[in-house]
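Okay, everyone, thanks for coming. Let me put my structure up on the screen, and then we'll walk through it together.

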Amino acid sequence: QVRLVESGGGLVQPGGSLRLSCAASGHARNLRLMGWHRQAPGQQRELVAQISSSGNIYYADSVKGRFTISRDIAKNTIYLSMNSLKSEDTAVYYCSDDLLGYWGQGTQVTVSS
């Protein structure tokens with residue numbers, strides 16, 4: 001049974017930082033193609049960042065230079081470090097196994113003063 005559990009969301013002021021974590025278990029343990037997606041109210045879910053087992057990384061243009069995706073294979077965990085946060089980054093952030101099609105339950109990130 002694949003399970004992805006996110007943590008680290010919360011309320012932060014504009015310009016602040018947060019780090020999201022996603023602990024993977026089950027078949028997702030190889031972390032072969034893992035991603036972070038987000039969904040703001042009334043909007044479609046979008047891919048924010050993705051990392052492959054070979055180390056290839058993708059970032060959406062809206063987060064380039066501000067967000068960093070990383071992984072710790074020994075801990076079966078991926079991370080999303082978010083800096084210089086903006087109000088438009090407010091959304092529910094989901095961890096995903098983009099190879100097997102599994103999703104976490106999501107964690108809320110709210111950027112507001």
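So, find Leu80. Skipping its neighbours within four places in sequence, Leu80 is in contact with Leu18, Arg19, Leu20, Trp36, Val48, Ala49, Phe67, Thr68, Ile69 and Tyr93; contact here means heavy atoms within 4.5 Å. Quick note on where this comes from: it's a predicted model, where local features need pLDDT of at least 70 and side-chain atom pairs count only at pLDDT 80 or more, while totals for chains, interfaces and linings use all residues. Residues are numbered from 1 along each chain as its sequence is written, and side-chain values use heavy atoms, with hydrogens and water left out.

Now, the core. The largest nonpolar core has 28 residues, and Leu80 is among those with the most contacts inside it, along with Trp36, Phe67, Met82 and Tyr93. By nonpolar core I mean buried Ala, Val, Leu, Ile, Met, Phe, Trp, Tyr and Cys residues joined through side-chain atoms within 4.5 Å. Buried is under 20% relative accessible area, exposed is over 50%, and partly exposed is in between, using a 1.4 Å probe and protein chains only. Which strand gives the largest share of this core? That's β3, with 4 residues. Strands, by the way, are DSSP E runs of at least two residues, numbered from the N terminus.

Next, the sheet. You've got an open sheet of 4 strands in the order β1-β3-β8-β7, with antiparallel pairing; two strands pair if DSSP finds at least two bridges between them. β1 and β7 are at the edges with a single partner strand each, so one side of each has no neighbour in the sheet.

Let's zoom in on β1. It pairs with β3 over 5 bridges, antiparallel, and Leu4 stands opposite Ala24 in β3.

Last stop, the rings. Tyr94 and Trp103 have ring centres 6.4 Å apart and planes at 85°, so they're an edge-to-face pair. The rule: rings of Phe, Tyr and Trp (its six-membered ring) pair if their centres lie within 6.5 Å, with planes under 30 degrees apart stacked, over 60 edge-to-face and the rest tilted. Tyr94 counts as buried at 14% relative accessibility, while Trp103, at 39%, is partly exposed. And look at Arg45: it lies over the face of Tyr94, 3.7 Å from the ring centre, and its charged end also sits over the ring of Trp103, 4.6 Å from the centre. For that, NZ of Lys or CZ of Arg must be within 6 Å of the ring centre and within 35 degrees of the ring normal.
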